[in-house]
Amino acid sequence: MDNFYESYWAAFMTELERRPGFPLKSKKVPKNKNWIGWSCFGRKGFKLLASLDQHSDWICINFGIDMRDQKHHFSTLYSKRLQINSDVGLELRWDRLPPEKSATQAVITKWGVDVQNRSDWVKQHAWMLDVIEKLYTGMLCHIEALPAN
């Protein structure tokens, strides 16, 4: 039986590999996960995730921080969110997660997507890759400017 997520992410990786100079590297395809992520920005705890739900009508890209000083770093970035949104070129939804949650995040979601429609996957993957590249490029200098742990 076909594993939806494994097929979706394998097709996603094919599209990523077709983009020369893409800032993030191809990786092993997850088998049963609704997300794929990269620790990037040259600092531990800062990551980008692409995710979806096979039973919903959305795909999204998350910027997350998952580390000891995450709330402080997130507050610093949150205070610059208008500039970061401008640098990224997208309107991110900035989520201050409750204290018991382990990560903080900024998210961009594309709604009205039929993830089951395999003939639309190339467009979905292109959108995800475009957003990942914009987030990475637009946020890099802001993350590099954060104080060391």
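Which residue in S3 is the bridge partner of serine 51? In this predicted model, the partner is cysteine 60. The pair belongs to an antiparallel arrangement in which strand S2, residues 46–52, is joined to S3 by seven bridges. Leucine 52 is placed opposite isoleucine 59 of S3. Five residues lie between S2 and S3, and the two strands form a hairpin.

Strand S3 spans residues 58–65, and eight of its eight residues are buried, so the strand is largely enclosed by the rest of the structure. In a regular strand, side chains alternate between the two faces of the sheet. Both faces of S3 are covered.

Strand S2 is mostly covered, with six of its seven residues buried. S2 also pairs with strand S1, residues 35–39, in the antiparallel sense, through five bridges. Tryptophan 38 stands opposite leucine 48 of S2. S1 and S2 form a hairpin with six residues between them. In the turn of this hairpin, phenylalanine 41 has a positive phi of about 70°.

Aromatic contacts were examined next. Over the whole structure, 13 aromatic pairs are found. One of them joins phenylalanine 4 and tyrosine 5, whose ring centres are 5.3 Å apart; the planes stand at 75°, so this pair is edge-to-face. Both phenylalanine 4 and tyrosine 5 are buried. The rings of tyrosine 78 and tryptophan 94 also form an edge-to-face pair, because their planes stand at 80°, with the centres 6.4 Å apart. Tyrosine 78 belongs to helix H2 (residues 70–79) and tryptophan 94 to strand S4 (residues 93–95), so the pair ties together parts that are 16 residues apart in sequence. Tyrosine 78 has a relative accessibility of 22% and therefore counts as partly exposed, while tryptophan 94, at 10%, counts as buried. Arginine 81 lies over the face of tyrosine 78, at 4.0 Å from the ring centre.

Ring pairs also link Phe4, Tyr5, Tyr8, Trp9, Phe12, Trp38 and Trp121 into a cluster. Trp38 in this cluster is the residue that stands opposite leucine 48 of S2.

Helix H1 (residues 4–17) and helix H4 (residues 121–144) have axes that come within 9 Å and cross at roughly 65°. The crossing of H1 past H4 is right-handed. On the H1 side, the contacting residues are Phe4, Ser7, Tyr8, Trp9, Ala11, Phe12, Glu15 and Leu16. These meet Trp121, Val122, Gln124, His125, Met128, Leu129 and Ile132 in H4. Among these contacting residues, Phe4, Tyr8, Trp9, Phe12 and Trp121 also belong to the aromatic cluster.

Notes: Residues numbered from 1 in each chain as written. Heavy atoms only, no water. Buried < 20%, exposed > 50% of the residue type's maximum accessible area, 1.4 Å probe, protein only. Helix = DSSP H or I, 4+ residues; strand = E, 2+ residues; numbered from the N terminus. Pairing = 2+ DSSP bridges. Phe/Tyr/Trp six-rings, centres within 6.5 Å; stacked < 30°, edge-to-face > 60°. Lys NZ or Arg CZ within 6 Å of the ring centre and 35° of its normal. Axes fitted to C-alpha atoms, helices over the stretch in contact; angles between N-to-C directions. Left-handed = near helix turned anticlockwise from the far one by under 90°. Contact = heavy atoms within 4.5 Å.
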